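Subject: A structure for you to explore

Hi there,

Here is the structure I promised to pass on to you. Have a look around it first, and then read my notes below.

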Amino acid sequence: MAEIAAKRSAIMRAVKGRDTAPEIAVRTMLRRFAPFYRLHRKDVPGNPDIAYIGRKRAIFVHGCFWHGHECPRGARSPKANADYWRAKIARNVARDAAHREKLAAQGWRALTVWECELKDKAGVEKKLREFLE
């Protein structure tokens, strides 16, 4: 049992918080029509993945599971330690909402790009262009 827990712990430790594949895909799109963004600004509430400081625009690229999206991938729940994971994801959702409120209070606009949305690259690009206008 301890071996399984150690293996699971190692897997979870390997999950990256920045420079993920979905985030890099969004940055690649943005480079074509809206370069000069800043990454992971700690001086902006919520430490957005992508920030346009002068425009006061923040873009968060969220993994569906980790941020409790309502898609099939985000709605699944782990069988092991289910109570812990439900509470963890609920805390993430509450934290994300608090960050959005802080951004709005400071005059920022925020956009969330979900991992599952990246299946439709043209749709995401359209969404990004409209957000940055």
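The largest nonpolar core in this predicted model has 16 residues. Those with the most contacts inside this core are Val 26, Leu 30, Ile 50, Tyr 52, Ile 59, Val 113 and Leu 128. Which elements give two or more residues to the core? They are helix 2 (21–33), strand 2 (50–52), strand 3 (57–62), strand 4 and helix 5. Helix 5 provides the largest share, four residues. Apart from this core lies another one, of six residues, including Val 44, Ala 51, Phe 60 and Trp 108.

Setting aside neighbours within four places in sequence, Ile 50 is in contact with Val 26, Arg 27 and Leu 30, with Tyr 37, Arg 38 and Leu 39, and with Arg 57, Ala 58 and Ile 59.

Now step back to the whole chain. The protein has five helices and four strands, and from the N terminus on they follow the order α-α-β-β-β-α-α-β-α. Its C-alpha trace spans about 55 × 30 × 25 Å along the principal axes. Of the 133 residues, 35% are buried. If you take the contacts between residues at least 6 apart in sequence, 54% of them join residues at least 24 apart.

Next, the salt bridges. Side chains of opposite charge can pair when their charged atoms come close. How many salt bridges does the count come to? The count is ten, and here are a few to find on screen.

- Glu 115 pairs with Arg 73, with 3.8 Å between the closest N and O atoms. This pair links distant parts of the chain, 42 residues apart: Glu 115 sits in the loop between strand 4 (109–114) and helix 5 (121–132), and Arg 73 in helix 3 (residues 72–75). Glu 115 is partly exposed, at 24% relative accessible area, and Arg 73 is partly exposed as well, at 43%.
- Asp 96 and Arg 95 form a salt bridge at 3.6 Å, N to O. Is Asp 96 buried or exposed? Its relative accessibility is 15%, so Asp 96 counts as buried, while Arg 95 is partly exposed at 38%.
- Arg 129 and Glu 125 meet at 3.0 Å, N to O. Both lie in helix 5, four residues apart, which is about one turn of the helix. Arg 129 is partly exposed, with a relative accessible area of 39%, whereas Glu 125 counts as buried at 17%.

There is also a network: Asp 19, Glu 23 and Arg 27 are joined by salt bridges that share partners.

Finally, the empty space. Rolling a probe the size of a water molecule over the atoms shows where empty space is left. The largest pocket holds about 1100 Å³ of space. Its lining is made of 40 residues, and Lys 16, Gly 17, Gly 63, Trp 66 and His 67 lie nearest the centre of the pocket. Helix 1 (2–13), helix 2, strand 3, helix 4 (82–105) and strand 4 each supply at least two lining residues, and helix 4 gives the largest share, ten residues. By class, the lining has 14 nonpolar, 14 polar and twelve charged residues.

Enjoy exploring, and write back with your questions!

Best wishes

Note on methods:
Residues are numbered from 1 along each chain as its sequence is written. This is a predicted model: local features need pLDDT of at least 70, side-chain atom pairs count only at pLDDT 80 or more; totals for chains, interfaces and linings use all residues. Side-chain values use heavy atoms; hydrogens and water are left out. A salt bridge is a side-chain nitrogen of Lys or Arg within 4 Å of a carboxyl oxygen of Asp or Glu. Buried means under 20% relative accessible area, exposed over 50%, partly exposed in between (1.4 Å probe, protein chains only). A nonpolar core is a set of buried Ala, Val, Leu, Ile, Met, Phe, Trp, Tyr and Cys residues joined through side-chain atoms within 4.5 Å. Contact means heavy atoms within 4.5 Å. On a 1 Å grid over the protein atoms alone, a cavity is a set of points where a 1.4 Å probe fits but cannot get out, and a pocket is an open set with protein on both sides within 12 Å along at least five of seven lines; lining residues have an atom within 4 Å of a point. Grid points are joined across faces, edges and corners, and a volume is the space filled by probe spheres set on the points. Ala, Val, Leu, Ile, Met, Phe, Trp, Tyr, Cys and Pro count as nonpolar, Asp, Glu, Lys and Arg as charged, and the others, Gly among them, as polar.
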